[in-house]
Amino acid sequence: LIEAIASGHGADPRLDPLYERAARETITAFEATGSPVISDGEQRKYHNFWTYAVEGLSTAAPDGFKIPFSAGHVRRMLRLLAGPFRYMRRADGFLETALRYAHLPVKRAVISPSAMSLMYPAEAIPGYPREQFIDDLLREHETEVRDCLRKGAHAVQIDFTEGRLAVKIDPTGGLLHSFIDLNNLALRSFSPEERRRIGVHTCPGSDRDSTHSGDVDYAELLPSLFELEAGNFYIALAGERDPVRVLKIIREHLKPGRRVFVGVVSPIEPRVDTPEEVRDRVLEAAEFIPVEQLGTTDDCGFSPACDDRSTTRETAFAKIRARVQGTALASQVLGVR
Amino acid sequence: MTASDEREEELLRSVALQNASTIQLVRRRDEKALLEQTELLRTTLASIGDGVISTDAQGRVVFLNRVAQQLCAWTQADAAGRPLAEVFRIINEPTSAKAETPVDRVLREGSVVGPSNQTLLIARDGTERPIDDSAAPIRGLSGEIEGVVVVFRDVTDRRRADLDRSRLAAIVESSEDAIVSKTLDGIITSWNQGAERILGYRAEEIVGRHISILMPPDRAEDLERILSKIRRGERVEHYETSRRCKDGTVLDVSLTVSPIRNAAGEIIGASKIARDITARKRAEEALLEADRRKDEFLAMLAHELRNPLAAVSHAVQVAQRSEAEEDRTWARGVIEDQATRLSRIIDDLLDVSRISQGKIQLRKQLTDITLMVNHAVETVRPLIETRRHRLTIAVVPGTPRVEGDPTRLEQVLVNLLTNAAKYTESGGRIDLECRPDGDHVVVSVRDSGVGIAPEQLPRMFDLFVQADRSLERSEGGLGIGLTLVRRLVELHGGSVRAHSDGLGKGTEFTVRLPAAGPEAARGATVPSELRRERPSLAPRRILVVDDNEATARGLARLLKLASHTVDILHEGRAAAEAARRLAPDVVLLDIGLPGMDGYQVARAIRQEEACAATLLIAVSGYGQDEDKRRSREAGFDEHLVKPVDVDALLELIAQRVGTSPPSRRGTTG
């Protein structure tokens, strides 16, 4: 599939059987790890986790803002040329395929409105004001999330990796707050029950075993992050240099009724963690976060872009298995299911 | 970082800044919309007809809408922050016990509560109202309960309406009449118990069916005619028609049909009240029949009275115009016969009246029915001989006696024999048989006469009924003879039956009377002969008082022919004075007199010593028992009914004063 995408266009309908096969194999392997909730490995996000919804959009150019990674490479956003703004594809379509093969609950990841908002350029687009773009963007995002929930997603995860990046670009916090405000506008269109199935993911980036904002202090991000009116937070932690400090920040700012899924394995760390290591990370987290609000996850996706071959499938599933087993060990220690 | 990178980051911050401004714009716009929506919601809550109270998570009042403030008699300012139970005071209506507020339940159970419909709300001013109430949790973003909303409404009017509806339903259900409703298409929508009782269908088997199921074939056009009037908003009142029951029978009914309107005043159906008037119809028909028979009777009575009067009139004219003794003798005979006939008519009418009113009293004694047969035959024999009928009488030996009134039993037999003689062509045959039958005595009178049509037989004993009233067949009479027969026989505990094989085939009447028991037979005295021997006469002084001069003079002449000395007076007071002066042996005193009436005169005479032995006889057109009682109380010795049978009067005088000095022997009434 990777070679086929590299040699042609990822949206070519002739690739559909390959996508479906990749999703099926991922789901089978994922379920074999014992994880209670699975995904399809984001097979359809063939370029990256960021632009899947707008790849091929005729009113966009490829020269949008870039995200530089510590490994020296960059990822680029698309730049909107004209309105109206519409998604080319939505993640609920990927979900339908996954649900055909899954026997376990499926989590569905979607891109955040704040990330997509960067498509509108600094100069206003004639005949298509920024306000109209924001309205269109919020409507497209809401439609995507609502359809995922309606079609049976166990949870919907909004990828908000640009949150930490925003702190890096704009240390004043202005950019971050604009992102938080925009995402809350989106979240407020959902009911409390729906929001309990919606979460927000943050990480310093995880591409070719490198980050875009690993050097940014979580202390600059997390207080604002918890202002998001989502029911769940998926926070990369295993790759942090000082996880205890991060856990203390979480404890300080986590609101009642919200759940935190801390990352207990790091995709950018080539070594496969042992279950015991995972167990210990969970137990450490449980010292700061009430058990009924605590969950585990991976720090990030294992392969967010098609040209990223840094992590093999075997390593990925081994790490997931370690996460599952380590979480089970911790649960025993904590006396919870 | 290169200069290009720095420019791009600067550009990115610029975009982010513009986006932030736009987001704030959008957020303010949304917040404004939210505020407007909130205000709209508040206005809506204030405007709705139900009371709405919201509380916080501790059950303290946050908001009351206008209706809630009115019903609870609390203002928003006073109520805010107070526990709901203080503002929303409720008790259980049936038990009057304090009720738990729905908020407490919502906070405890975390779910929607209600609706409850047995709650009384006690307002701050003490006013009590029945309410329906329910409550639901208000949840925050995380799903936790942040408050409770209570919705309630005053159901006083609904309760009253329910009560009125229940009463109305009870009235409808208990009505003796059928009360039915239907759509404008004629589909039955309700059916009360009265309808079930009258028409036979149960509600569950006829509701939903078409009303035409109740229409007899000849009434099919009723439906559209009635529905047309209903559609025009008109009522149909007391319309008499007929309807078919479940078992196929057809009833006469009186219908009142009214339009049913919905809340908008549109006519959506009809209600019908049907009263079963079958019994009334029959009674009306019976009354019409009785009226018809009364008219026939009156015509017949006029005829029956005119005939003897015509004969008397002719006889009087013959006597006036002829000097020949033969003519005068004939005239006397005619007058005597016709007077007897008129008397009998009046006697029969009075008997019917007395029996109908239950005023007749039988003077029962142990009676040999064969003697009654002989007397009756003797009475009717002249008619039988005139008609040249052949009469046979068969009395079975050993026929037991009966406990009865001899006079009345003779009257029964006379009537039956007279009927047989009248309704049999001359030269016919009449057979009378008297025989025992178990513990009864049976007397049958059979003739070879005109017979009775089968349809007439059941009514032969009804009053004023005659088998054939056509002039050429008429034999006179009032049609009361057989009625008298049946009623007299029934008074004796017996029965009478008529049988005929049809017109021209003769008739047989059979009377069955209970035979007297052996004990009665042993102890009874049986009169062997009702007729008494006429005693010898002696001349007496008699005072006749009657305001009708002709009557007084006629009676006086007859008494003088019997050798008595007679004085005549026409006025009461003069009569009393004459009696004192004359001390007559007998006074014949009319009751209806000018000045003093007969009773007053009698009392005056009884005060006179000179009249102590005077036989005082009332002579009146009234002969009821009540009249006789009043006569006795006034001092009369006897009471005779006009026209007086002179032979009987002479016999009475002879018995009481004629053969011996006058003496008081009591009345015989």
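A network of salt bridges links A:Glu131, A:Asp135, B:Arg29 and B:Asp30; a salt bridge here is a side-chain nitrogen of Lys or Arg within 4 Å of a carboxyl oxygen of Asp or Glu. Side chains of opposite charge can pair when their charged atoms come close. This is a predicted model, in which local features need pLDDT of at least 70 and side-chain atom pairs count only at pLDDT 80 or more, while totals for chains, interfaces and linings use all residues. Residues are numbered from 1 along each chain as its sequence is written, chains are lettered from A and ligands numbered from 1 in the order in which they are written, and side-chain values use heavy atoms, with hydrogens and water left out.

**Where the chains meet**

- On chain B, 25 residues are in contact with 28 residues of chain A, contact meaning heavy atoms within 4.5 Å.
- About 2,500 Å² is buried between chain B and chain A, and carbon and sulfur atoms give 61% of that area. Buried area is the accessible area (1.4 Å probe) that two parts lose on being put together, summed over both.
- Four salt bridges are counted between chain B and chain A.
- B:Glu8 forms a salt bridge with A:Arg76, with the closest N and O atoms 3.7 Å apart.
- Helix α1 (residues 3–47) of chain B gives the most to the side of chain B that touches chain A, with 20 residues. Helices (H or I, at least four residues) and strands (E, at least two) are DSSP runs, numbered from the N terminus.

**Salt bridges within a chain**

- Over all chains, the count comes to 74 salt bridges.
- In chain A, A:Arg188 pairs with A:Glu229 in a salt bridge, their closest N and O atoms being 3.1 Å apart. The two lie 41 residues apart, A:Arg188 in the loop between α7 (174–187) and α8 (192–195) and A:Glu229 in the loop between α9 (218–225) and β8 (232–235).
- A:Arg188 is partly exposed at 41% relative accessibility, whereas A:Glu229 is buried at 17%. Buried means under 20% relative accessible area, exposed over 50%, and partly exposed in between (1.4 Å probe, protein chains only).
- In chain B, B:Glu508 and B:Arg446 form a salt bridge at 3.6 Å between the closest N and O atoms. B:Glu508 is in strand β18 (residues 507–514) and B:Arg446 in strand β16 (residues 440–447), 62 residues apart.
- B:Arg656 and B:Glu638 meet in a salt bridge (2.2 Å, N to O), and both residues are buried.
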